[in-house]
Amino acid sequence: MNPPSTDRNRALDGIRGLAILWVFAFHANALLVGVTADAPAGWGQSLAEKGLLGVQLFFVLSGFLLTRHWMTAAAAGVAYPSIGHFFARRALRILPTYWLHLALLFGLILPILRGGYAILGTDIGLTNLWLHIPLLHFLHPGSSSSLGLNMALWSLSLEAQFYLLLPFLAPLFVRNRVLIALPAALLIALAWKTYAPALLMEWVYLNVSPSRLVFFDPVSGHADPFPPEMMRFFLERQLPGELIAFALGMAAANLYTRLRSCEPAPQPLRAIDLAALAFLVLATPTLIHLSFGEILTGVGWRLLGMPLFLVGCTLLVLAAALRTPLIGRIFASAVLVPIGIVSYSLFLWHEPVLRLVATGRLLPNACDGAPCRVALAFGISLLVAAASYILTERRRSPRV
């Protein structure tokens with residue numbers, strides 16, 4: 001239960017693998033399956049339809065992994081990590097891979113899908129170009145859908161915003177302060193999701209030029225004036241509304257540090273292991289039978305379902321970090337771990353590949369039928385992600 005800190009945790013890599021596979025399934029269903037399906041959705045397609053929740057699992061994992069240094073420092077009574085060093089490490093980890101992706105997205109994928117670079121000379125194009133470079137694109141509605149090229153990038157913008165705040169948030173979650181910080185984060189998130197869209201929507205429409213309020217349809221990529229229902233979605237998912245996911249991850253880092261500071265008793269570890277397994281068993285059929293509309297706009301999901309789901313994700317992350325017998329064995333699998341290792345590059349590249357396959361720009365005659373096209377897109381996405389990982393990530397983790 002107490003491996004050396006340099007021992008890579010395969011179960012946490014498996015958690016990453018699960019999250020990115022779920023996100024891929026969500027986009028593949030929307031772009032390659034859902035629009036052409038004639039029969040009612042089966043359990044697999046229904047579960048894939050909820051794959052946008054994989055992003056929440058990534059948020060919990062980020063809060064957990066990045067806060068552990070503050071928790072360890074507080075437990076040892078030493079100074080917190082250097083803020084400058086933290087920002088430098090995050091920039092080195094995120095930006096080279098992201099900027100390479102961005103250069104190819106606007107330099108290569110854009111003309112293939114849009115027929116040229118003309119859109120970059122418009123107001124909406126310039127807004128997207130300049131806000132994507134510093135990862136600020138999800139602060140503006142016009143760049144939130146990334147010109148319909150890679151809408152998955154919205155969550156990476158939220159991650160970057162969280163990184164900027166983390167050195168100031170993490171000390172609020174150390175020791176027993178977490179007992180105040182965690183409920184406060186929950187209240188802030190629920191209040192933002194409930195009231196912020198109604199309070200801010202009119203202001204946005206009045207103060208942002210219509211030429212910059214353009215929304216790109218998630219499936220077709222067609223550009224239209226920003227619809228109010230999507231403006232509500234955009235406002236609701238700003239960082240304050242997603243704060244609870246990061247906060248639960250930070251709270252889990254607090255508990256993890258407490259358990260690691262002494263020889264862990266088997267009872268708490270067994271309880272965490274069984275609770276995480278129960279979440280997996282119970283959440284799967286629940287999500288299958290839950291409607292997609294309820295997850296997007298349902299009040300019950302916002303106030304109760306999502307917090308409970310995030311607590312379950314937190315249990316998974318904590319159990320994987322502690323390498324508990326059941327969860328550790330499930331997620332340290334030979335399938336999930338390699339995918340988890342390249343998950344960042346796979347996250348960046350899977351949607352552009354899916355769009356190229358969906359529009360027939362990439363190997364149009366390779367196969368027919370949605371299952372074959374999904375498999376083709378997944379294989380190409382893995383190859384591109386592996387290349388991106390080798391070029392921009394592996395040099396910083398030579399032991400992998």
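Which helix is Leu-376 found in? I looked this up to begin with, and Leu-376 is in helix H16, residues 370-392. Helices here are DSSP runs of H or I with at least four residues, strands are runs of E with at least two, and both are numbered from the N terminus.

**Entry 1: ground rules**

I noted that this is a predicted model, in which local features need pLDDT of at least 70, side-chain atom pairs count only at pLDDT 80 or more, and totals for chains, interfaces and linings use all residues. Residues are numbered from 1 along each chain as its sequence is written, and side-chain values use heavy atoms, with hydrogens and water left out.

**Entry 2: the whole chain**

I found 16 helices and 2 strands in the secondary structure of the chain. The radius of gyration is 21 Å, close to the 21 Å of the globule rule for 400 residues, so the chain is as compact as a globular protein of that length. The radius is taken over C-alpha atoms, and the globule rule is 2.2 Å times the number of residues to the power 0.38. Along the principal axes, the C-alpha atoms fill a box of roughly 60 × 50 × 45 Å.

I then looked up burial, and 51% of the 400 residues are buried. Buried means under 20% relative accessible area, exposed means over 50%, and partly exposed is in between, with a 1.4 Å probe and protein chains only. The accessible surface comes to about 17900 Å², and carbon and sulfur atoms hold 69% of that surface. These areas come from the Shrake-Rupley method with a 1.4 Å probe; for residues, only the protein chains shown count as cover.

For contacts (heavy atoms within 4.5 Å), I took the pairs at least 6 apart in sequence, and 79% of them join residues at least 24 apart.

I also looked up charge. There are 28 positive and 18 negative side chains, and the centres of the two sets are 12 Å apart.

How many disulfides does a search of the whole structure find? The search gives 1, with a disulfide defined as a pair of cysteine sulfur atoms within 2.5 Å. Cys-367 and Cys-372 form it, with their sulfur atoms 2.2 Å apart. The torsion about the S-S bond is about -120°, so this disulfide is left-handed. Cys-367 is buried at 16% relative accessible area, whereas Cys-372 is partly exposed at 31%. I also checked Cys-313, which is buried at 2%.

I went back to Leu-376. Not counting residues up to four places away in sequence, Leu-376 touches Leu-363, Ala-366 and Cys-367. Leu-239 is 137 residues from Leu-376 in sequence and 35 Å from it in space, C-alpha to C-alpha.

**Entry 3: two loop residues with positive phi**

I noted that most residues other than glycine have a negative phi. Ser-146 is not a glycine, yet its phi is positive, about 50°. Ser-146 lies in the loop between helix H5 (123-132) and helix H6 (153-169), and at 1% relative accessibility it is buried.

Arg-323 is not a glycine either, and its phi is about 55°. Arg-323 sits in the loop between helix H12 (299-322) and helix H13 (325-331). At 28% relative accessibility, Arg-323 is partly exposed.

**Entry 4: helix residues and their partners in space**

I looked up Arg-90, found in helix H4, residues 83-114. Leaving aside neighbours within four places in sequence, Arg-90 is in contact with Leu-66, Leu-95 and Tyr-163. Arg-90 and Tyr-163 are 73 residues apart in sequence, with their C-alpha atoms 7.7 Å apart.

Is Leu-164, at 52% relative accessibility, buried or exposed? Leu-164 counts as exposed, and its place is in helix H6. Between Leu-164 and Ile-83 I found 81 residues of sequence separation and 9.5 Å from C-alpha to C-alpha.

Pro-183 is partly exposed at 40% relative accessibility. Pro-183 and Ile-244 are 61 residues apart in sequence, and their C-alpha atoms are 8.9 Å apart.

Terms used
Lys and Arg count as positive and Asp and Glu as negative; His and the chain ends are not counted. The place of a charge is taken as NZ of Lys, CZ of Arg, CG of Asp or CD of Glu.
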